[in-house]
Amino acid sequence: MTDRYRVLVTDEIDPEGVAILRAHPMIEVFEKPTRPAAEVLEEIGAYDAFIGRSATRVSRELLQRGERLKVIGRAGVGVDNVDIPTATELGIAVINAPGGNTVSVAELAFGVLIGLVRNLPRAWESMHAGRWDRSQLGGVELRGKTMAIIGVGRIGSEMGRRARAFGMHVIGYDPYVGPARFEELGIERVARLSEALDRGDVVTVHVPLNAETHGMIGAPELARLPRDAYVLNLARGGVVVEDALVEALRTKRIAGAALDVFEHEPLAADNPLRTVPNLVLTPHLGASTRDAQRNVAIEACEAVRDALVTGDLSAAMNATSVGGAGMRELRPLLALADRLGRLGRALVPGALTSLEVRYTGARAEAPRPLLLAALQGAMRDVVERRAINLVNAQHVAAGRGIETASTHVDGRGELGEEIELRLEGGERSIRVGGAVLGETHGRIIRIGPFRVDVAPRGVMLVLRNRDVPGVIGRVGTLLGEAGVNIAEYHQARLQVGGEALAAVSVDSRIPQDVIELLASKPEILEVRQVEME
């Protein structure tokens with residue numbers, strides 16, 4: 001097959017994940033070891049997707065060189081090695097595997113915590129050195145202590161469950177998690193980072209690395225901690241300021257700490273962290289269990305496969321605000337919004353200046369993705385090198401000065417869930433509308449002031465004409481003589497003898513000379529052809 005998707009896999013992705021890709025007949029896998037950036041740059045233009053871990057940096061230059069790239073897959077949680085703004089600008093979906101290594105990281109965190117509070121690293125060292133330092137290795141219990149979790153996502157939630165099992169009191173700070181979720185997890189919610197630090201006997205951070213979290217725990221924050229506190233960072237290097245942590249440990253400002261991640265990896269042999277007392281260091285082992293590597297590889301490879309083969313971007317972190325099952329449930333509505341965007345754009349002359357979406361239905365999360373899908377349809381021919389999609393639709397629209405808006409009307413439309421688009425361009429505006437009947441059956445129900453009922457499939461011919469006898473017959477004859485088969489023909493009018501509109505669904509594209517012949521008829525006012533698929 002010459003039209004198979006080419007996927008570059010590197011950084012030692014687990015074979016079970018790679019097997020998922022190899023099993024699909026539309027995917028061709030090229031599995032290569034981690035290599036210098038220059039070598040990857042030379043060949044990235046030949047691939048439709050890239051899957052790796054943290055060893056390969058997905059830079060702006062790499063993304064720009066990857067003219068065929070549609071998807072970047074990261075077999076892990078962190079994506080700080082991926083230039084997400086550039087990927088979004090270029091319409092490349094970025095997919096990670098947020099759930100696969102959750103348990104492995106949480107278990108390692110508790111393992112090093114128990115080692116810290118019971119002095120296990122020092123005990124192991126002393127015993128192997130032939131000593132018996134029992135009197136110097138007293139520790140403390142976790143029961144009754146307060147764990148402060150910074151970042152109450154998947155891993156933070158698992159830490160909370162384990163802490164409660166040890167009889168700890170658990171508090172959490174995360175401005176992006178609502179009170180209901182804290183209550184569900186049994187974690188006391190604190191409103192400020194400072195409060196979490198003031199109260200935490202154990203402070204564990206589980207946040208992504210970004211502009212907001214870089215240096216989040218520095219000297220001022222460490223100074224707030226109780227003197228017998230412990231600090232854990234198994235999230236991303238750079239969240240805890242390493243120099244400040246070294247000073248806090250050497251001055252016994254805190255009791256101990258554990259780091260699994262570092263600002264620069266691998267950690268240099270002469271790094272001061274290696275000489276600090278009561279600091280447990282591990283070489284980024286959080287996800288390094290067989291189970292986690294298998295899980296993240298399977299999760300990432302399945303998502304990349306679905307994105308390539310079916311266009312399912314539900315796992316893409318830079319696509320929309322709706323993911324997972326919610327995104328999949330919206331697919332019939334997204335398909336309809338895309339086709340309405342195509343239809344509306346064909347009926348608006350000149351440059352598109354604004355697009356508004358009005359959704360009537362029970363899904364409060366729907367308007368934003370529907371706006372992106374409508375933009376995708378309306379702007380499908382404006383991106384020169386790459387396809388317009390849910391990832392870059394808003395970015396492209398903003399770059400072209402297109403104003404956008406979306407509204408939600410809670411309830412049910414006349415025909416079920418309904419979408420209405422209002423598009424403006426030049427000196428004309430138009431409204432087009434559609435409805436999803438049942439679960440998957442989308443219909444176009446409005447074009448301008450006219451009520452219609454036609455399926456958005458194949459090619460649609462939209463005619464404005466005078467309401468006079470014989471128009472339908474003449475149109476049908478012309479299309480038949482050109483070998484164009486009519487699937488549906490819907491005629492609508494506002495009043496007898498006035499202006500009418502025909503929405504004609506046909507099985508193939510109509511030749512331009514036939515379009516011109518139709519337009520030349522005195523009773524035909526306007527002819528537009530729209531490719532719906």
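Two strands are taken to pair if DSSP finds at least two bridges between them. The legends below describe a predicted model.

**View 1. Strand β19 and strand β22 pair within an open four-stranded sheet.** Strand β19 (residues 459–466) and β22 are joined in the antiparallel sense by seven bridges. Within this pairing, leucine 461 has glutamine 529 of β22 as its bridge partner. The open sheet has the strand order β20-β21-β19-β22, with antiparallel pairing. Its edges are formed by β20 (486–493) and β22 (524–531), each of which pairs on one side only. From one strand to the next, the twist averages 15°.

**View 2. Helices α14 and α18 pack on the sheet that contains β19 and β22.** Helix α14 (residues 331–346) touches β19 and β22, and its direction makes about 145° with that of β22. Helix α18 (residues 512–520) also touches β19 and β22; the direction of α18 makes about 155° with that of β22.

**View 3. Strand β15 pairs with β13 and with β16.** Strand β15 (residues 417–425) is mostly covered, with seven of its nine residues buried. Eight bridges link β15 to strand β13 (residues 352–360), and the two run antiparallel. In this pairing, valine 357 stands opposite leucine 421 of β15. Strand β16 (residues 428–437) is likewise antiparallel to β15, to which nine bridges join it. Here glutamate 417 has valine 436 in β16 as its bridge partner. A hairpin is formed by β15 and β16, with two residues between them; in the turn, glycine 426 has a positive phi of about 60°.

**View 4. Helix α5 packs against helix α7.** The axes of α5 (residues 102–117) and α7 (residues 154–165) lie 9 Å apart, and the helices pack at an angle of about 50°. This angle makes α5 oblique to α7. The crossing of α5 past α7 is right-handed. Contacting residues in α5 include Val103, Ala106 and Phe110, and those in α7 include Ile155, Met159 and Ala163. The residues of this contact comprise eight nonpolar, one polar and four charged.

**View 5. Buried residues of helix α11 pack against neighbouring elements.** In α11 (residues 242–250), Glu242, Ala244, Leu245, Val246, Ala248 and Leu249 are buried. These buried residues pack against α10 (219–224), β11 (256–259) and β12 (279–281).

Notes: Residues numbered from 1 in each chain as written. Predicted model: local features only at pLDDT ≥ 70, side-chain atom pairs only at ≥ 80, totals over all residues. Heavy atoms only, no water. Axes fitted to C-alpha atoms, helices over the stretch in contact; angles between N-to-C directions. Parallel < 35°, antiparallel > 145°, perpendicular 65-115°, else oblique. Left-handed = near helix turned anticlockwise from the far one by under 90°. Contact = heavy atoms within 4.5 Å. Nonpolar A, V, L, I, M, F, W, Y, C, P; charged D, E, K, R; others polar. Buried < 20%, exposed > 50% of the residue type's maximum accessible area, 1.4 Å probe, protein only.
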